[in-house]
Amino acid sequence: MFFRIKSFICFVIKSKNKHGVHSPFVFDLVTKCLHKKISTNYNHLFLDYKKELFKNTSTINVTDYGAGSKVFSSNKRPISKIAKNAGISNKRAKLLMNLMQYYKPTSVLEIGTSLGLSTAALSISLPNSSITTLEGCKETANIAQNLFNKYQFKNTKLIIGNFKETLAKQLNKNTFDFIFFDGNHTKKATLDYFKQSLSSIHNDSFFLFDDIYWNYEMKQAWEEIKKHPSVTITVDTYQWGIVFFRKEQQKEHFTIRI
Ligand SMILES: C[S@@+](CC[C@H](N)C(=O)[O-])C[C@H]1O[C@@H](n2cnc3c(N)ncnc32)[C@H](O)[C@@H]1O
């Protein structure tokens, strides 16, 4: 807790708003995307999906593959509570939908489906793109898959299995325009997935890391990602780290309040 308070205070001191951004590429990202209003149609559909999960009080047996939960002590967990704790917030879902609408990636990989809340945001805002999402826990994935069928997210493919196997397979087969890292909030896993994913991108691909200040390890992973030679622009919004590889840009790191 102390770490998060301290890192938030540091973020507030360091961060700038759009007026402090001199890169046209990042200025456009902030003003035309991150600060833009999302279409209400998109948002309604996402909120319907979320409501359905919040109403579901049945329990499932969760197989925990990640960094563990800060909230649950048992693996038998109510679906509504998983949705509240592991799922993307409304604010972040809106930002994610804006980001997708702005860059329109056609081939998307999500590492960490859970109940499919962020997948729903991706699928709704990118109806013509192909979205692959990876989840290890079978019972959690089944709930998500049933809702994807019900909401007719036909552009979404859910793959069940440990990222150790499923991620490498997807990266071997495809090149991705966008990868969303929301799976395992440990330093080692984050850096492993990041490095592996570099083999399946192109100059305009971009990555999004969720919860870069979730714990000290995640902050360390974020600092290493920023330093990586293939990374040029990074944008730290506190909740997210956005990474670009565009060779035409000088290496530069931005800390932005949104
Ligand atoms: C934070 S949740 C994803 C939340 C989701 N993106 C959302 O916003 O709605 C992370 C998910 O990754 C899965 N996960 C973590 N480590 C994994 C691994 N090594 N293999 C497969 N799944 C894993 C967990 O089971 C969990 O459901």
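Tutor: Happy to. Helix H2 (residues 24-34) and helix H5 (residues 90-103) have axes that come within 9 Å and cross at roughly 115°. This is a predicted model, where local features need pLDDT of at least 70 and side-chain atom pairs count only at pLDDT 80 or more, while totals for chains, interfaces and linings use all residues. Residues are numbered from 1 along each chain as its sequence is written. Helices are DSSP runs of H or I with at least four residues, numbered from the N terminus. Axes are lines fitted to C-alpha atoms over the stretch in contact, with angles from 0 to 180 degrees between N-to-C directions.

H2 and H5 are therefore roughly perpendicular to each other (65 to 115 degrees; angles under 35 count as roughly parallel, over 145 as roughly antiparallel, and the rest as oblique). The crossing of H2 over H5 is right-handed, meaning that the near helix is turned clockwise from the far one by less than a right angle.

Where do H2 and H5 meet? Lys32, Cys33 and Leu34 in H2 meet Leu95, Asn98, Leu99 and Tyr102 in H5, contact being C-beta atoms, placed from the backbone, within 7 Å. By class, that contact has five nonpolar residues, one polar and one charged; Ala, Val, Leu, Ile, Met, Phe, Trp, Tyr, Cys and Pro count as nonpolar, Asp, Glu, Lys and Arg as charged, and the others as polar.

Elsewhere, helix H3 (residues 40-55) packs with helix H4 (residues 79-86) at about 130°, their axes 6 Å apart. H3 and H4 are therefore oblique to each other.

Key. Helices (H or I, at least four residues) and strands (E, at least two) are DSSP runs, numbered from the N terminus. Two residues are in contact if their C-beta atoms, placed from the backbone, lie within 7 Å.
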